[in-house]
Amino acid sequence: MKVDRLEQEQARRDRIARVAFELFARGGLEATSAQDIARAAFVSRTNLYRYFPSKVHMLLAHFEKAVAESRDDALERLHAGANPQQVWDKVTLRMADLGVRYRHLVGAVGQAVLGAAHAPHTAQDSSTAPPGDALRTALTLGALVEPVLLAMQHRGNLRPEANVGMLSVLLVDACLLALLHGGHRDQREVQRDWQDRFSLLMHGALAPGALPAAVPVHAERD
């Protein structure tokens, strides 16, 4: 059936992205060849390029999937009545943990996403993701943050007139810029850096008397 065919195609695409990420995590983006990925994913190089034009595309695809899973978890917690602050803490904790563990891959993701809006609409080098792909990743990140901010607004923690969509984009950019800046020795330093940036960005959006979103500084892993 057509549906089965589409499911098989998606499963193969997900497998390639997952295998590629595992190789990138061990050896780095540049040191991993297309042949290495094709061999590990049990596909030909021709099929590999049919699914992904470049290694950055593979990295972004796996990253999007991980972020989407975090969003699903956040939505489930919010729907179950969890405090938005606690959900926010868990989301930022998980992202900080990933940023530290895979700091050698953060540059490729961050530069692609932050540069998407400014990339020229011309033929792209095969080693970079075109603006459309990076923009999709940016939107996925925004979709992770926005439900939490909407829940905070619903509870009266944010001003009713606050533009949650714009605030989500600004917070995502702040996270990526902090990780790209580098120099963080551990998860705690990432979280402290984010806290400083979040406090500045959230200040004007907070309802009178509301406390800024805090990032916990204790180490924790899922």
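User: How many cavities of 30 Å³ or more does a search of the whole structure find?

Analyst: Rolling a probe the size of a water molecule over the atoms shows where empty space is left. In this predicted model, a search of the whole structure finds two cavities of 30 Å³ or more.

User: What volume does the largest cavity have, and which residues line the largest cavity?

Analyst: The largest cavity holds about 50 Å³ of space, and its lining is made up of Ser70, Asp73, Ala74, Arg77, Val87, Lys90, Val91 and Arg94. Two helices, α4 (55-79) and α5 (84-101), each contribute at least two residues to that lining.

User: How does the lining of the largest cavity divide by class?

Analyst: Sorted by class, the lining of the largest cavity comprises four charged residues, three nonpolar residues and one polar residue.

User: What is the volume of the second largest cavity, and which residues line the second largest cavity?

Analyst: For the second largest cavity the volume is about 40 Å³, and the residues along its lining are Arg13, His57, Leu60, Ala61, Glu64, Asp133 and Arg136. Here the elements giving two or more residues are α4 and α7 (131-154), with α4 providing the largest share of the lining, four residues.

Conventions
Residues numbered from 1 in each chain as written. Predicted model: local features only at pLDDT ≥ 70, side-chain atom pairs only at ≥ 80, totals over all residues. Heavy atoms only, no water. 1 Å grid on protein atoms, 1.4 Å probe; cavity = no way out; pocket = protein on both sides within 12 Å on 5 of 7 lines; lining within 4 Å. Points joined across faces, edges and corners; volume = space filled by probe spheres on them. Nonpolar A, V, L, I, M, F, W, Y, C, P; charged D, E, K, R; others polar.
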